[in-house]
Amino acid sequence: MRRLRTLRALATGAATTLAAAAMAVTGAGTAQAATPLPAHVFAPYFESWTGESPAAKAAESGAKHLTMAFLQTATAGSCTPYWNGDTDLPIAGSSFGADIKTIQARGGDVIPSFGGYTADTTGTEIADSCTDVAQIAAAYQKVVTTYDVSRLDMDIEVDALDNTAGIDRRNKAIALVQKWAAAEGRPLEISYTLPTTTRGPAASGLAVLRNAVTNGARVDVVNLMTFDYYDNAAHDMAADTETAAQGLYDQLARLYPAKTSAQLWGMIGVTEMPGVDDFGPAETFTLANAARVYDWAVAKGINTLSFWALQRDNGGCPGGPAADHCSGIQQNTWDFTHIFSPFTRGTTAPADDFSVTAAPAAGSVAAGGSATTTVNTAVTGGGAQRVDLTVSGVPAGVTASLSPTSVTAGGSSTLTLTTTRAAASGTYRIGVTGKGTSASHTATYTLTVTGGTGSQCTAAPWAAGTVYTGGGQVSHKGHTWKAKWWTTGEEPGTTGEWGVWQDLGTC
């Protein structure tokens, strides 16, 4: 079976042509291992050749995870992959790096996908193109380290299914990169995206998986393309998804006899095509089909739910044929995404948390001028949450403003510190505290004021996150304050005459 796509110069590709020895020793990009994907994840495909921002589309649609299509070499015989085979889009931070970091900061991630219909029919799928297993493995490694991802997808169809040498090279390279990831302590999953019949993968797809077992390549997910059957039969696309997945389950049970039923279902993914697929109206995946597949996927505990592709999830061409930019049916924009999005969950997802940093972390200003810094937040665990920002430790003669005062974790705010000539010369540690639903974190910005005419308080500036005991003194807004008893988080000047802070006067 095959998945047709009327695309441009797209498909799959990877990165560098590192030598075999480099696989064992390179540490580039290993400063922080990627976060594992949730045990159950919705990750629609993103058409990366359209010029659109994946981070923007993820935010618009609500899809936290994306499968990025595709990576391939520019020409057959090459070992250097690029996004869409476009030499202007190498495996580098300059190619989608900022978008991927933004998606990760919001608590999501991307799954780079090698292959696709165009690459698999032009000899530019990297394992078909490159005959050096070590260089194929090095390309996989470079994608992992460049984008700090925890899963790679292999979209193998059409001619690539019959290229036995390419299949063997690919699985040998997967085994190599898995060995490297294990040595580095990096989580790394491999998924195979394969065409299917309504009863499971055909013999050619099964041969890919058998070869993986032979080569010691761990396949974590087998993702079925449950569309484009091209069998001229009547189709209930939801029912066909269920029977195709059951057929795959039966095949996996024979390949991996030691696995439990739950583990086998946990290896399965399905990718739908919203609306009219390439065959035509006889293979139309409806919103009702999507709701049924969602309920079935949750009940079975499959690993991955996806569709081709995010940019098609709109009703911009009702009654039309399959297209890259619309579904061909009547629907609202993002209807399919909204049905499938709640599928993302699982014990591998960490608890919600975030970080707060200031960049730059220090600055100097002449009295009467102003200084700015960017307050960055990032998701460090779980999902994104609202973070309310406040400033503490601002000395007399200095005013602070935040724009905005509230962000969604992963967003940024600008802190502006404006001084008057009456500000006292000196260095001040100014705190920016982010408070969310699950945690509170503070970043410090060090401000140095020069040429001021005011006198400087000698007590340390008050900080919201510091614990003070009775008798402790702080400076705040040009006054010295003494704590009457234990306190934290209570701002001097706001607790009243009978409150914890005693005003000792200006300083």
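Which side chain meets that of Arg151 in a salt bridge? The partner is Glu189, at 2.9 Å from N to O; a salt bridge here is a side-chain nitrogen of Lys or Arg within 4 Å of a carboxyl oxygen of Asp or Glu. The model is predicted, so local features need pLDDT of at least 70 and side-chain atom pairs count only at pLDDT 80 or more, while totals for chains, interfaces and linings use all residues. Residues are numbered from 1 along each chain as its sequence is written, and side-chain values use heavy atoms, with hydrogens and water left out.

**Salt bridges**

- The structure holds 12 salt bridges.
- Helices (H or I, at least four residues) and strands (E, at least two) are DSSP runs, numbered from the N terminus.
- Arg151 is buried at 1% relative accessibility, whereas Glu189 is partly exposed at 24%. Buried means under 20% relative accessible area, exposed over 50%, and partly exposed in between (1.4 Å probe, protein chains only).
- Glu242 and Arg292 form another salt bridge, with the closest N and O atoms 3.0 Å apart. This pair links helix α9 to helix α11 (residues 287-300) across 50 residues. Glu242 is partly exposed at 23%, as is Arg292 at 37%.
- Within it, Glu52 and Lys57 meet at 3.5 Å, N to O; Glu52 is partly exposed at 28% and Lys57 is buried at 18%.

- Asp277, in strand β10 (residues 275-277), is buried but has no salt bridge. The nearest side chain of opposite charge is Arg312, 8.0 Å away (Lys and Arg count as positive, Asp and Glu as negative; His and the chain ends are not counted).
- A polar atom of the Asp277 side chain lies 2.9 Å from the backbone nitrogen of Asp228.
- Beyond four places in sequence, Asp277 touches Phe227, Asp228, Met237, Glu283 and Ala322, contact meaning heavy atoms within 4.5 Å.
- His40 sits in the loop between α1 (20-25) and β1 (41-42) and is buried, with a relative accessible area of 17%. The His40 side chain reaches the backbone oxygen of Ile302 at 2.7 Å.

**Nonpolar cores**

- The largest nonpolar core has 91 residues, and Tyr140 and Leu152 have the most contacts inside it. Helix α9 (residues 237-255) gives the largest share of this core, eight residues. Such a core is a set of buried Ala, Val, Leu, Ile, Met, Phe, Trp, Tyr and Cys residues joined through side-chain atoms within 4.5 Å.
- A second, separate core of 25 residues includes Ala371, Leu402, Ala443 and Tyr445.
- Among the contacts of Leu152 beyond four places in sequence are Ile111, Phe114, Tyr140 and Glu189.

**Strands and a helix end**

- Strand β21 (residues 440-450) pairs with β14 (residues 362-366) in the parallel sense over five bridges. Strands pair if DSSP finds at least two bridges between them. Ala366 has Thr450 as its bridge partner in β21.
- Strand β20 (residues 426-435) pairs with β21 in the antiparallel sense over 10 bridges, and a hairpin of four residues joins the two. Thr427 has Thr448 as its bridge partner in β21.
- Helix α3 (residues 97-105) has buried residues including Asp99 and Gln104. Just after α3, Gly107 takes a positive phi of about 95°.

Definitions and conventions: A polar contact is a pair of N or O atoms within 3.5 Å; within protein, one must be able to donate a hydrogen and the other to accept it, and residues adjacent in sequence count only if both atoms are side-chain atoms.
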